[in-house]
Amino acid sequence: MITEKSKEMMVKSFQKTVYRYEKVPDVVIKGSFGVYLHVPFCFSKCSFCPFYKEIYNEKKKEQYISAIIKEIEDRGLKGEATWLYIGGGTPNTLKIPELKKIINKIHENITVSTMGIELLPSILDEKYLEGLHDIGFTKISVGVESLSAVTLSKSGRTVTKKEKIGKIIEKAQELGLWVNVDLMIGLPEQRPSSFLHDIEQISLLNPNQITIYPFMQIGELAVQPSLSDEDQFVFIEQANEIMMKHGYSRKGIWIFAKGEEVYDSSRDELVEDYFGFGPAAFSTYGSWKVVNPELDIYLQNFETNKKKALVALKDKSSDDWRKFARMLYDLKGTIDGEVNCGIKFFVSVLKLMGYIKNNTMSKKGIMFTHKITKTVVETLPYPLQNTHYVENYEEYLENK
Ligand SMILES: C[S@@+](CC[C@H](N)C(=O)[O-])C[C@H]1O[C@@H](n2cnc3c(N)ncnc32)[C@H](O)[C@@H]1O
C-alpha cells in the first residue's frame, strides 16, 4: 500500500515534466557539479539494454569526436568538477588517443577529482587499461552482467570468460584503478542458481565493488525479465549473504563494496548539478533539465552550428524528490538538506511503519526501496523514448 502510494507520488512528480526542443540554456553553476560524457557506439546491441546507442560506424565516430569537442568548447563550462563519468553505449569503442583528445578538451577549463569509465570486457585488454590510467582515470566499471554463455547469448551478448575478467581486475588494480563489476539478475532465461554461482565466482576475483542490477523494463524493450520484482529482490538478498562472506558490505540498494568508496554515477547525479555532453546525454543545472538530441540530429546540429536540445523547466519539488531518492538509495533514514513538508511527512510515515529504524532502512525498508527505485527508473520520462513529453516534437523531427 505504502509502496503503491509513494510510487504514485514520485511518478506524478516526473510526469509533469514537459520538454521543448530549443536553445540550450546558458551554464549556471551553484555549488559543486559533475560531468557526464556519452559514447553512443556499440559493436552489437544487447536486447536487454534500454540505453541510447547506435551501431559503431567509423565515419560517424570521427564526426562524433569533432562534435563533442565543439560542444565542450561551446558550453564554456569552467571550474572544479567533483566527478566525471563516461558511459554508453560502449565507451571503449573509442581508441585511447580519441578518449585522450576529449579529456584534454575537458581539462582545458575544468579540473576533475575522480574520473570513471564504463567498459565492455570482451573487447578490453591490458594495453587499454594502461592507456586509461595514463589519461588519468581512477575508476573503471566492467559490464560483466553474467558469466553464463547461454544466458548472454539469449540477449545477443558475447560472454567473457572468468579467467579474462580476473586478468582485467588484477591488471587494473595493479595500476591503481578502482574496479566495479556490473552483474544482472532477471535476464531472459537466466537461472537463479547460475546467478548465485556468478556472484561467488566474481567475489573470488576481488573487484572493489559489485553492482547487481535487477533487469528493468525501461522504454520499449522487446524482452521480458525472467523474474518478478519480488524474486529479483530475493536473489539479490541471497547474493548479499554470499558477498558478505567475501568481505563486501552493502553501500546502496544494489551496491556492495569493500572499503568506503563507491562507483555510482546515478547516485552522484541525484544530489549535484551535472553537465552531460554527447548525443542523448542528460544535464541538470540551474532550473533546467536538458537532454541532448540523438546522434544524427546531434551531428547535423554540429554542422549547422545549431545549439539545440530538449529542455524542461525543473518542477519545484523535483530536487526534493532527488534528495529523497538519494536517501533511499543509500538505505538511510534521514535526508541531507531541507525538503518540503510533504516529503518530511512521508519519511515520518516510513518510520512509523517500521521501514526506517535507527535512521537506517530495515529489511522491510530495503524491499520497499528496491521496488520503488526500480519503478522510478522504469517510469522516468526519457523524452527521446517517450516523445509525448516533448511539446514541439515535430520541430525536432524536422531535423531527422
Ligand atoms: C550503459 S550500460 C552498458 C555499458 C557497456 N555497453 C557494456 O555493455 O558493458 C551500463 C550497465 O547498465 C546495466 N543495464 C543495462 N540494461 C539494463 C536493464 N534493462 N535493467 C537494469 N540494468 C541494466 C548493465 O549492468 C550495464 O553494465
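Visitor: In which loop is Phe43 placed?
Guide: This is a predicted model, in which local features need pLDDT of at least 70, side-chain atom pairs count only at pLDDT 80 or more, and totals for chains, interfaces and linings use all residues. Residues are numbered from 1 along each chain as its sequence is written. Strands are DSSP runs (E, at least two residues) and helices are DSSP runs (H or I, at least four residues), numbered from the N terminus. Phe43 lies in the loop between strand S3 (41–42) and strand S4 (54–55).

Visitor: Why does Phe43 count as partly exposed?
Guide: A residue is buried if 20 or more other C-beta atoms lie within 10 Å of its own, exposed if 12 or fewer, and partly exposed in between, with C-beta atoms placed from the backbone. Phe43 is partly exposed because the number of other C-beta atoms within 10 Å is 13.

Visitor: With which residues is Phe43 in contact, leaving aside its neighbours within four places in sequence?
Guide: Contact requires that the C-beta atoms of two residues, placed from the backbone, lie within 7 Å. With those neighbours left aside, the contacts of Phe43 are Tyr56, Thr90 and Thr93.

Visitor: Which residues are the closest to the ligand?
Guide: The ligand is surrounded by 19 residues. Strands S5 (79–88), S7 (139–145) and S8 (178–185) each supply at least two residues of this shell. The closest are Thr90, Gly143, Asp182, Tyr213 and Met216.

Visitor: How many residues of the shell around the ligand are charged?
Guide: Asp, Glu, Lys and Arg count as charged; Ala, Val, Leu, Ile, Met, Phe, Trp, Tyr, Cys and Pro as nonpolar; and the others, Gly among them, as polar. The shell holds 11 nonpolar and five polar residues, and its charged residues number three.

Visitor: Which residue in S11 stands opposite Ser249?
Guide: Two strands pair if DSSP finds at least two bridges between them. Strand S10 (residues 249–252) and strand S11 (residues 255–257) pair in the antiparallel sense over three bridges. They form a hairpin with two residues between them. Opposite Ser249 stands Ala257.

Visitor: What is the radius of gyration of the protein?
Guide: The protein has 14 helices and 17 strands. The globule rule (2.2 Å times the number of residues to the power 0.38) is compared with a radius taken over C-alpha atoms. The protein is as compact as a globular protein of its length, because the rule gives 21 Å for 400 residues and its radius of gyration is close to that, at 21 Å.

Key: A residue is near a molecule or strand if its C-beta atom, placed from the backbone, lies within 6 Å of it.
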